[in-house]
Amino acid sequence: GPGVDLAALSGLQTKMIIVISDQYGQKASREVVRTAVSVLLGTLIPAGAAGAMLSSGLKMVPGLGSIAGFASLAALGAAATYAIGKTFTKHFEAGGTISSFSAEDVTEDLKEEFSKSKGKGTAEAAA
């Protein structure tokens, strides 16, 4: 189900941030990064949105709906991954550290990057 996809997405993003942190000489613990990623993901993908997307897609077009639902979820995931990566990179570029990173402080920036990256995708992803 969508829960598994979001868990996989979170794991992927956690690995990505650890790699980005390393490039900036930051030693990031998995737990710290995982917590930040889940807060950021939660900001971008409201609880149940992914599930609702999939189930409404399934109801609309039997057989095709699930593909459409997964495509939107993939687009959403790609946009979220891009936004989270950009947000951490900006933080480090500005001289921030992993310990000074605050998910709450970057919410606006994150949403802005997310909208930008969704604009690069399909019209469906922006809806």
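## Helix 2

In this predicted model, helix 2 comprises 15 residues and spans 21 Å from its first C-alpha to its last, close to the 21 Å expected at 1.5 Å a residue; the expected span is 1.5 Å times one less than the number of residues. Helices are DSSP runs (H or I, at least four residues), numbered from the N terminus.

Buried positions in helix 2 are Val33, Ala36, Val37, Leu40, Leu41 and Leu44, where buried means under 20% relative accessible area, exposed over 50% and partly exposed in between, with a 1.4 Å probe and protein chains only. These residues lie on the same side of helix 2 because they cover an arc of only 135° around the axis, taken from the directions from the helix axis to the C-beta atoms.

## The nonpolar core

The largest nonpolar core has 25 residues, of which Leu40, Leu44, Ile84 and Phe88 touch the most other members. Helix 1 (2-23), helix 2, helix 4 and helix 5 (107-120) each supply at least two residues of this core, and helix 4 gives the most, with seven. Such a core is a set of buried Ala, Val, Leu, Ile, Met, Phe, Trp, Tyr and Cys residues joined through side-chain atoms within 4.5 Å.

Leaving aside neighbours within four places in sequence, Ile84 is in contact with Gln13, Met16, Ile17, Val37, Leu40, Leu41, Leu44 and Leu110; contact means heavy atoms within 4.5 Å.

## Aromatic residues

Tyr24, Phe88, Phe92 and Phe101 form one aromatic cluster. Rings of Phe, Tyr and Trp (its six-membered ring) pair if their centres lie within 6.5 Å; planes under 30 degrees apart count as stacked, over 60 as edge-to-face and the rest as tilted. Phe88 and Phe92, both buried, are four residues apart in helix 4 (residues 65-93), and therefore separated by about one helical turn.

Tyr24 lies in the loop between helix 1 and helix 2. Its relative accessibility is 29%, so Tyr24 counts as partly exposed. Not counting residues up to four places away in sequence, Tyr24 touches Thr89, Phe92 and Glu93.

## Confidence and conventions

The protein chain averages a pLDDT of 79, and 69% of the residues score at least 70; pLDDT is the predictor's confidence in each residue, from 0 to 100. Among the elements, helix 6 (residues 123-126) has the lowest mean pLDDT (44) and helix 2 (residues 30-44) the highest (91). Where pLDDT is low, the predicted coordinates should not be read in detail.

Residues are numbered from 1 along each chain as its sequence is written, and side-chain values use heavy atoms, with hydrogens and water left out. Local features need pLDDT of at least 70 and side-chain atom pairs count only at pLDDT 80 or more, whereas totals for chains, interfaces and linings use all residues.
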